[in-house]
Amino acid sequence: MAASNGLEGVLLGMGNPLLDISAVVDEAFLAKYDVKLNNAILAEDKHLPMYDELSSKGNVEYIAGGATQNSIRVAQWMLQTPGATSYMGCIGKDKYGEEMKSAAKAAGVTAHYYEDEAAPTGTCAVCVVGGERSLIANLSAANCYKSEHLKKPENWALVEKAKYIYIAGFFLTVSPESIQLVAEHAAASNKVFLMNLSAPFICEFFRDAQEKVLPYADYIFGNETEARIFSKTENVEEIALKISQLPLASGKQKRIAVITQGADPVVVAEDGKVKTFPVILLPKEKLVDTNGAGDAFVGGFLSQLVQGKSIEDCVKAGCYAANVIIQQSGCTYPEKPDFN
């Protein structure tokens, strides 16, 4: 089914497709594997036994994830127009890879996965304690994405068709070359390119790759923790302003910075001014888990942006989507959105 309202293929995402292995755990589990709540890291050897241990828990769930893929799926859900969004990333030729393909298809996303012959599909351990989450990603196949896949005519066609291209910072660890190709295309073709700071470790350890590509970004998203680490200062409003005023690549007119702060207001910096927007507060007993909240915010925001809506409407939709997602396990949602 193709979109009939001019939205077909309007939004493209590229990133690390991961199958979330999500379970409620306790503080002792976090301590055992030396992980912190509200953080996202790449798995080291000491974390590897965690995946089997999570899988053996009675309450374990398997959910198609990966930050950019989550945002794209949520945008697709909000738009309710089959084929409005597309996505690229690398999976393995295995059971989890098949699950990923059927999840994308069920969501109405046009997914062109690169399938790696050797590596298994990437997984992300989601440890939930008291509704808060800690993410430990074992990229495996997701780490094998190559720009050769992007350059194939049938895949580059998705880039050509898209008017908005979103890539989370996590992809900087995998294929900075692919990001650069797409960012330069967006600048040359007057398209909107959007990025996310994604995690403290990206801002700390992948700074060079990040600084190369951020000048191309018309929009930069992040949460307060990432923003503070990125700018090494505390005041979120000042940081948003600073991010919006970072150097721009040639052909770019301006940048908008959007920083979320959990239950605190969303901060938007544009044209040297800062605005704050309250979020929809949720009673603690309704919170299931915060996994995917930031991704969902971006997805909701994008769903309105691609329709030419105001920043205020974009933020409203972002807050709506995040509010829905935190009342569900992982980045999942009811059949239809109830947003107007």
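Predicted model: local features only at pLDDT ≥ 70, side-chain atom pairs only at ≥ 80, totals over all residues.
Residues are numbered from 1 along each chain as its sequence is written, and side-chain values use heavy atoms, with hydrogens and water left out.

Let's start with the aromatics. Rings of Phe, Tyr and Trp (its six-membered ring) pair if their centres lie within 6.5 Å; planes under 30 degrees apart are called stacked, over 60 edge-to-face, and the rest tilted. By that rule there are 14 aromatic pairs. Take Tyr 62 and Tyr 96: their ring centres are 6.1 Å apart with the planes at 35 degrees, so this pair is tilted. Tyr 62 belongs to strand S4 (residues 61-65) and Tyr 96 to helix H4 (residues 95-107), so the pair ties together parts 34 residues apart in sequence. Helices (H or I, at least four residues) and strands (E, at least two) are DSSP runs, numbered from the N terminus.

Next, Tyr 166 and Phe 221 make an edge-to-face pair, 6.1 Å centre to centre and with 85 degrees between the planes. Here Tyr 166 of strand S9 (residues 164-168) is linked to Phe 221 of strand S11 (residues 219-223), 55 residues apart. Are these two buried or exposed? Both Tyr 166 and Phe 221 are buried, where buried means under 20% relative accessible area, exposed over 50%, and partly exposed in between (1.4 Å probe, protein chains only). Ring pairs also join Tyr 166, Tyr 219, Phe 221, Phe 297 and Phe 301 into a cluster.

Cys 144 sits in the loop between strand S8 (132-138) and helix H5 (147-151). Cys 144 is buried, at a relative accessible area of 17%. Which residues does Cys 144 touch? Leaving aside residues up to four places away in sequence, Cys 144 touches Cys 90, Tyr 114, Asp 116 and Ala 119, with contact meaning heavy atoms within 4.5 Å.

Last stop, helix H13 (residues 311-325). Twelve of the 15 residues in H13 are buried, among them Cys 314, Cys 319 and Tyr 320. What do they pack against? The buried residues of H13 meet helix H3 (67-79), S11, strands S12 (256-261), S13 (264-270) and S14 (273-277), and helix H12 (293-305).

Thanks, everyone!
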